[in-house]
Amino acid sequence: MIVFILVHLLSNALVQAEKGIQQLAASQTVRSTVKEIVQLPTYFQRARSYATHPESDPPRYVRNLSKTGIDAFKDIIWLDVGLDYRMRYEYRNNDLRRPALTTDNPFLLRTRMYLGIKEILDPFRLVAEFEDARRYNGKFSLDNRDANEFELIQTFGELYFKDALGHDDLGNHHPLRIRAGRMAWEVLDRRLLGNNQWRNTTNSFEGFRLNLGQENNDWEIDLWGVQPVTRLIKQFDERNKDQWFYGGIINWRKWSNIITLQPYYMGLIQDGNADQIERKVHSPAMRGYGKLPNTEVDFDFGIIYQFGHEGLQKKSAWAYLAEIGYTLKHEWKPRISVFYGYASGDRNPDDNVNNRFERFFGFARPWSADDYMIFENIQAPKVKLEFEPFKDLSIDGGYGWFWLASDSDRFNNLLGGASANRDKSGSSGNFLGHAFDIRARYKLHRVETSLGYSHFSNGEFVRTRQQAALGQNTDSTHFFYFEIVINAFN
């Protein structure tokens with residue numbers, strides 16, 4: 001029903017605005033002004049750290065209709081469109097996330113479509129994004145990580161005031177944006193709020209979001225208050241009325257040639273009922289990234305503390321992350337980096353304090369290429385190498401080691417989250433294992449391909465808990481995948 005309403009609104013806008021479009025296209029003043037703004041310098045500096053770059057807004061597969069290369073649409077600058085299709089084949093041998101030791105060969109399919117109306121109805125703007133996610137040939141029951149059929153992952157209205165906050169010292173306008181509806185977005189390094197581009201389904205939220213400033217500015221503030229959307233495999237998704245997720249980020253880029261600072265706060269409130277406990281989690285934090293002057297040494301760090309309560313227990317948890325990288329002066333742009341991440345686990349299951357770090361709605365895959373690890377109860381050093389031997393071909397690989405931060409708390413993804421993923425006595429040890437991964441990505445016009453492999457060697461904890469739950473264990477796992485993404489527009 002919502003799709004039909006959006007299409008109807010769009011068609012009306014097309015008819016009513018045709019004359020305005022022609023005038024806008026003919027206006028050299030407007031065009032030269034747009035050109036000048038596009039060419040203005042920016043305070044924004046992209047973090048060099050591995051797999052920490054939030055999805056753009058609008059998403060990367062979206063194009064302005066005037067820039068699609070279709071002559072008939074070259075003057076329609078007020079409409080953003082996107083259509084892409086992704087297919088991924090996975091070979092998973094002894095997948096740690098599953099409650100069985102077996103080989104699985106699933107095919108994951110995802111289609112997305114995007115429409116965004118801007119400028120012509122300003123200050124009002126409208127966005128709708130559709131997704132259809134399916135899995136075939138899998139041995140295990142469908143879950144909402146892999147399947148979410150015929151779903152609107154974004155449907156929001158926006159009030160956009162371009163010059164509401166003036167301009168920064170570089171001349172970039174400071175806009176004000178107010179959004180309401182269903183939204184999907186990523187912030188910071190994606191570890192606490194991400195829409196999970198790797199996963200076949202998308203995190204969505206319903207509520208409000210306020211942005212003061214934009215990415216190019218010397219400062220920007222991002223505020224939100226939303227309820228997470230529960231993904232239903234075959235039915236229309238529903239918002240979780242028992243949870244509120246809220247937060248704010250200050251992006252300070254005045255010194256971005258050296259460091260970008262991002263102090264932030266996130267919070268989660270969950271009502272208690274027969275199926276869940278009452279929770280209130282507060283999470284103040286600081287992130288900083290940048291590059292040492294006159295060098296090719298880059299850095300990225302984060303410090304997070306959490307407090308509140310979970311049921312009758314107090315909440316006291318913490319995490320810290322650090323990465324240092326060096327880019328060699330070579331045409332292949334090789335970058336070598338060292339990373340260490342820590343997130344606390346519950347130290348004592350019998351006391352009145354819960355020390356397990358809350359990852360909120362973060363993107364897990366940067367922790368491990370096989371998607372085993374998440375941002376809780378973990379300590380993980382890793383080394384990475386990235387390079388680009390040819391145009392549009394990028395290769396990266398790495399080696400990582402993984403331990404539980406607390407040997408008496410759980411390894412969340414082990415055995416499908418069954419109770420056997422925790423040994424409260426701590427007698428199963430804390431070493432999860434070590435892993436090697438490699439990936440190659442190649443882009444040719446509208447087609448992107450990825451080929452990857454990961455080998456995970458199981459540690460003492462994994463083997464012990466598998467033996468306890470299944471009566472057998474395995475020394476290692478293998479994960480191979482091939483992915484192809486086709487974008488409808490150049």
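Colleague: Leaving aside neighbours within four places in sequence, which residues is Arg347 in contact with?

Modeller: Keep in mind that this is a predicted model. In it, Arg347 touches Trp318, Asn355, Ser406 and Ser408, once its neighbours within four places in sequence are left aside. You'll find Arg347 in the loop between β16 (335–343) and β17 (353–354).

Colleague: Is Arg347 buried or exposed?

Modeller: Exposed, because its relative accessibility is 57% and the cut-off for that word is over 50%.

Colleague: Okay, backbone next. What is the phi of Phe150?

Modeller: General idea: most residues other than glycine have a negative phi. Phe150 isn't a glycine, yet its phi is positive, about 45°. Phe150 sits in strand β6 (residues 148–161) and is exposed, at 55% relative accessible area. Now look at Leu415: its phi is positive too, near 60°. Leu415 lies in the loop between β19 (393–403) and β20 (431–444), and it counts as buried because its relative accessibility is 5%, where buried means under 20%.

Colleague: And where are the peptide bonds that are cis?

Modeller: Most peptide bonds are trans. Here, the bond from Asp57 to Pro58 is cis, with omega near 5°, and Pro58 is in the loop between α3 (28–39) and β1 (62–64). The bond from Asp122 to Pro123 is cis as well, with omega near 15°; look for Pro123 in the loop between β4 (107–117) and β5 (124–136).

Colleague: Last one: which residues form a nonpolar patch on the surface?

Modeller: Leu121, Phe124, Leu159, Phe161 and Ile178, with about 390 Å² of accessible area together. Ile178 belongs to strand β7 (residues 176–183) and is partly exposed, at 36% relative accessibility.

Notes. Residues are numbered from 1 along each chain as its sequence is written. This is a predicted model: local features need pLDDT of at least 70, side-chain atom pairs count only at pLDDT 80 or more; totals for chains, interfaces and linings use all residues. Side-chain values use heavy atoms; hydrogens and water are left out. Patches are made of residues with over 30% relative accessible area and no salt bridge: like charges are joined within 9 Å, nonpolar side chains (Val, Leu, Ile, Met, Phe, Trp, Tyr) within 5 Å. Accessible areas come from the Shrake-Rupley method with a 1.4 Å probe; for residues, only the protein chains shown count as cover. A salt bridge is a side-chain nitrogen of Lys or Arg within 4 Å of a carboxyl oxygen of Asp or Glu. Helices (H or I, at least four residues) and strands (E, at least two) are DSSP runs, numbered from the N terminus. Buried means under 20% relative accessible area, exposed over 50%, partly exposed in between (1.4 Å probe, protein chains only). Contact means heavy atoms within 4.5 Å.
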